[in-house]
Amino acid sequence: MASPVFSSILPAKTTTTRLPISSSSSSSPRISPHNNNNSFLSLVSQSTRPLRSSKLIFPRASATTSIEVERETTTKSASKSLPFRVGHGFDLHRLEPGYPLIIGGINIPHDRGCEAHSDGDVLLHCVVDAILGALGLPDIGQIFPDSDPKWKGAASSVFVKEAVRLMHEAGYEIGNIDATLILQRPKLSPHKENIRANLSELLGADPSVVNLKAKTHEKVDSLGENRSIAAHTVVLLMRK
């Protein structure tokens, strides 16, 4: 006696149609051509339908490929007009007697300054590189090469203005900028606000989005021995 659970699932009556099978040794059953049973024709008709519908799989593979290509093209196009861009800049100059020490466009009293082709303003050079990097452009050394006599002794403010011009042409403006100066001497605390104000003016940015920090190098290597000065800058550009 069948279980009540299975009784509710199984049909009340099952009709089985037996088809003549050849006594051939082949493992595949052969259907007798003399059987004209309508259920046999229906069975054959139904068994061929999945074969026809399975052909629909092939065009779908082509459609998927075209979607993936379109998605890839869209991604590449979107990357050209990002709403935000981030750039990092780094610069280092050797300090030597007989040169002025100019940081952020401000002349800082010191017994030595940066030896460079231009005025050696390590902060402005670093800021320019950060902006150019955010725009995906070559670095300051390629755009303003020290092999060009035109830039001999040039004020680094010229480089900043050119970087800002390129930034505006690309449709961006300064979101915020964070800079760190690394030098053992002199102490920059008395000059930080003047440097920040001048940098803000050169960039055409509100002073509230320009941050400046100064660190010593704990008397380690050339920076800590007052033989060089370095700067790091990170800039965020926003689409106008």
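Predicted model: local features only at pLDDT ≥ 70, side-chain atom pairs only at ≥ 80, totals over all residues.
User: In what order do the five strands of the open sheet stand?

Analyst: S7 is joined to S1 by eleven bridges, and ten bridges join S7 to S5. S5 in turn is joined to S6 by six bridges. The pairing in the open sheet is mixed, and the order of its five strands is S4-S1-S7-S5-S6.

User: Which strands are the edge strands?

Analyst: An edge strand here pairs on one side only. In the order S4-S1-S7-S5-S6, S4 and S6 stand at the two ends. The edge strands are therefore S4 (113-114) and S6 (210-215).

User: At about what angle to S1 does helix H4 run?

Analyst: Helix H4 comprises residues 122-135. This helix lies across S1 (84-96), S5, S6 and S7 (228-239). Relative to S1, H4 runs at about 150 degrees.

User: Does Gly175 count as buried or exposed?

Analyst: Gly175 lies in strand S5. Beyond its neighbours within four places in sequence, Gly175 is in contact with Val209, Leu236, Leu237 and Met238. Its relative accessibility is 14%, and the cut-off for burial is under 20%. Because 14% falls under that cut-off, Gly175 counts as buried.

User: What distance separates the C-alpha atoms of Gly175 and Val86?

Analyst: Leu236 links the two residues in the picture: Gly175 is in contact with Leu236, and Leu236 is the bridge partner of Val86. Gly175 and Val86 are 89 residues apart along the chain. The separation of their C-alpha atoms is 9.6 Å.

User: Which residues lie nearest the centre of the largest pocket?

Analyst: The largest pocket holds about 220 Å³ of space and is lined by 14 residues. S1 and helix H5 (140-143) each supply at least two residues of this lining. Nearest the centre lie His117, Ser118, His125, Phe144 and Asp146.

User: How many residues of the lining of the largest pocket are charged?

Analyst: The lining has 14 residues in total. By class, six are nonpolar and five are polar. The number of charged residues is three.

Notes: Residues numbered from 1 in each chain as written. Heavy atoms only, no water. Helix = DSSP H or I, 4+ residues; strand = E, 2+ residues; numbered from the N terminus. Contact = heavy atoms within 4.5 Å. Axes fitted to C-alpha atoms, helices over the stretch in contact; angles between N-to-C directions. Buried < 20%, exposed > 50% of the residue type's maximum accessible area, 1.4 Å probe, protein only. 1 Å grid on protein atoms, 1.4 Å probe; cavity = no way out; pocket = protein on both sides within 12 Å on 5 of 7 lines; lining within 4 Å. Points joined across faces, edges and corners; volume = space filled by probe spheres on them. Nonpolar A, V, L, I, M, F, W, Y, C, P; charged D, E, K, R; others polar.
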